[in-house]
Amino acid sequence: MATVDRLSSPSAFRSVFQNGRSYAEGSVVAYVAKRTNGAGPARAGFVVSRKVGGAVARNRAKRLLREALRLEGRGLPEGLDIVLVARPSVATASYHDTPTTGRFMCSRCAAKAQAIRPVRTTTISGGFASTMRAGLAGA
């Protein structure tokens with residue numbers, strides 16, 4: 001796989017946080033979830049809170065994480081959604097630490113991808129919610 005696409009919608013982030021598995025290593029926590037259709041390249045999103053620092057520190061942390069994924073993300077299987085959450089210690093990390101962190105996180109996500117169940121999104125308009133409304137209406 002040559003590239004890793006970006007997660008952009010809040011619902012995609014929410015689904016990874018709610019249904020994915022988390023793996024921590026040093027200054028990064030990775031949440032990984034499989035998409036139900038399993039098609040398309042892996043997608044990644046980044047979360048850097050104000051605990052990391054000011055705007056300059058947060059943008060630098062995101063650049064570090066993107067670079068780590070660029071260097072080591074080729075081995076990720078298709079159909080994965082990954083959210084990388086930066087811990088405050090990432091603000092002091094150097095670009096020399098980036099390949100090590102990226103290699104560890106990507107290899108761990110790729111190895112554990114087989115055990116992750118696909119994410120199933122549910123809608124309120126159908127399924128259990130509509131069954132309950134129909135049951136209550138008839139009572």
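The cut-offs I used are under 20% relative accessible area for buried, over 50% for exposed and partly exposed in between, with a 1.4 Å probe and protein chains only.

Notes on the source. The model is predicted, so I took local features at pLDDT of at least 70 and side-chain atom pairs only at pLDDT 80 or more, while totals for chains, interfaces and linings use all residues. Residues are numbered from 1 along each chain as its sequence is written, and side-chain values use heavy atoms, with hydrogens and water left out.

Entry on Glu67 and its partner. I found a salt bridge between Glu67 and Arg70, with the closest N and O atoms 2.7 Å apart. A salt bridge here is a side-chain nitrogen of Lys or Arg within 4 Å of a carboxyl oxygen of Asp or Glu. Glu67 and Arg70 are 3 residues apart in helix H2, which means about one helical turn separates them. I noted Arg70 as partly exposed, with a relative accessible area of 48%.

Entry on helix H2. Helices (H or I, at least four residues) and strands (E, at least two) are DSSP runs, numbered from the N terminus. I checked the length of H2, residues 55-72: its 18 residues at 1.5 Å a residue should span 26 Å, and the end C-alpha atoms are 26 Å apart, which agrees. The expected span is 1.5 Å times one less than the number of residues. I then listed the buried residues of H2, which are Ala61, Leu64, Leu65, Ala68 and Leu69. They cover an arc of only 130° around the axis, so they lie on the same side of H2. The arc is taken from the directions from the helix axis to the C-beta atoms.

Entry on Asp81. My search of the whole structure returned 3 salt bridges. In one of them, the side chains of Asp81 and Arg35 meet at 2.5 Å, N to O. Asp81 lies in strand S5 (residues 80-86) and Arg35 in strand S3 (residues 28-35), so this pair ties together parts 46 residues apart in sequence. Both Asp81 and Arg35 are buried, and I recorded 4% relative accessibility for Asp81.

I also found a salt bridge between the side chains of Arg43 and Asp81, at 2.9 Å, N to O. This pair links distant parts of the chain, with Arg43 in strand S4 (residues 43-48) and Asp81 in strand S5, 38 residues apart. Arg43 is partly exposed, at a relative accessible area of 26%.
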